[in-house]
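Let's take a friendly walk through some side-chain and helix contacts. Please have the viewer open as you read.

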Amino acid sequence: MAHLTSGSSAAASTDTAAVEHPEVQWTAEQQHFMQLAIQQAKEALQDREVPIGCVFVRDGQVIGSGYNMTNHSRNATRHAELEAVDKMLADHGGDASKVQFHRCQLYVTIEPCIMCAGALSLLGIGQVFFGAGNDKFGGCGSIVPVHQQGCGSCTHHDDPQAAAHGAGFPAVGGLFAKEAIQLLQDFYIAGNPAAPKPHRKVMEVPPWQQAQEQQQRQQPMERDA
């Protein structure tokens, strides 16, 4: 399970901590796009995937979205960000320059891990907004400040074009952090069906599905009342 931090955590007070600003006056547009990322995370929850979701935005339009597929794929690298990136690359013939990542903003419910932050750096992402911090794997300051240091060592420094990638990027968190954390808590309370040795008993019918079924049963009764 990801270890999460809120904006008031001790980790967020250090220089290298994830840049979480719960006091920020988020714009309506920023809230809208993060809600779309949360919707992706909710879809992951319905699929009993680790509920982390994201959307990529360019010029005010969503051009890519995704959620974790680590359980279904049995591949620990299939994080929401990489799922979305692969789809966008496929839509542009595998040409990252056509996606224009430098013009994109990423909205993701949980701070990108070190792996994903490194990938975003190499792609030249324009900006990252995240919900809750991740104090176990966070790559935007919670563990490693990739957003500040970049991933320059991964590039060929004698190639000016390549050197343009691997740079740092603006990253700020705290947008709907509580909602992001709640989704993860709901998932792990029900047990992770893909865990080799689940820490708790896996519920065949998770609580959110029980609630949905109860609501469906109540609807005919309300119509007949």
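The report below covers a helix pair, some aromatic rings and the salt bridges.

## A note on the model

Please keep in mind that this is a predicted model.

## Two helices side by side

Two packed helices are described by the angle between their axes and the distance between the axes. For helix H1 (residues 28-46) and helix H8 (residues 177-189), that angle is about 5° and the axes are 11 Å apart. Angles under 35 degrees count as roughly parallel, and H1 and H8 are therefore roughly parallel to each other.

Which residues of H1 and H8 make the contact? From H1 come Ile38, Ala41, Lys42 and Leu45, while H8 brings Glu179, Leu183, Asp186 and Phe187.

## Aromatic rings

A pair of aromatic rings is described by the distance of the centres and the angle of the planes. Searching the whole structure turns up five aromatic pairs. One of them joins Trp26 and Phe129, with 6.3 Å from centre to centre and 75° between the planes. Planes over 60 degrees apart count as edge-to-face, so the pair of Trp26 and Phe129 is edge-to-face. Trp26 lies in the loop between strand E1 (4-5) and H1, and Phe129 lies in strand E5 (residues 127-134), so this pair links distant parts of the chain, 103 residues apart.

Asp59 forms one with Arg103, and the closest N and O atoms of the two are 2.0 Å apart. Asp59 sits in the loop between strand E2 (53-58) and strand E3 (61-67), whereas Arg103 sits in the loop between helix H4 (96-99) and E4. The two residues are 44 residues apart, and their pair links distant parts of the chain.

The accessibility of the two partners is worth a look. Asp59 has a relative accessible area of 54% and is exposed. Arg103, with a relative accessible area of 30%, is partly exposed.

## A network around one arginine

Arg78 has a salt bridge with Glu83, at 2.8 Å from N to O. Arg78 also forms a salt bridge with Asp86, where the closest N and O atoms are 2.7 Å apart. Because these salt bridges share partners, Arg78, Glu83 and Asp86 are joined into one network.

How does burial look within this network? Both Arg78 and Glu83 are buried, with Arg78 at 16% relative accessibility. Buried means under 20% relative accessible area, which is why Arg78 counts as buried at its 16%. Asp86 counts as partly exposed, at 37% relative accessibility.

Definitions and conventions. Residues are numbered from 1 along each chain as its sequence is written. This is a predicted model: local features need pLDDT of at least 70, side-chain atom pairs count only at pLDDT 80 or more; totals for chains, interfaces and linings use all residues. Side-chain values use heavy atoms; hydrogens and water are left out. Axes are lines fitted to C-alpha atoms, for helices over the stretch in contact, and angles run from 0 to 180 degrees between N-to-C directions. Helices (H or I, at least four residues) and strands (E, at least two) are DSSP runs, numbered from the N terminus. Angles under 35 degrees count as roughly parallel, over 145 as roughly antiparallel, 65 to 115 as roughly perpendicular and the rest as oblique. Contact means heavy atoms within 4.5 Å. Rings of Phe, Tyr and Trp (its six-membered ring) pair if their centres lie within 6.5 Å; planes under 30 degrees apart count as stacked, over 60 as edge-to-face and the rest as tilted. A salt bridge is a side-chain nitrogen of Lys or Arg within 4 Å of a carboxyl oxygen of Asp or Glu. Buried means under 20% relative accessible area, exposed over 50%, partly exposed in between (1.4 Å probe, protein chains only).
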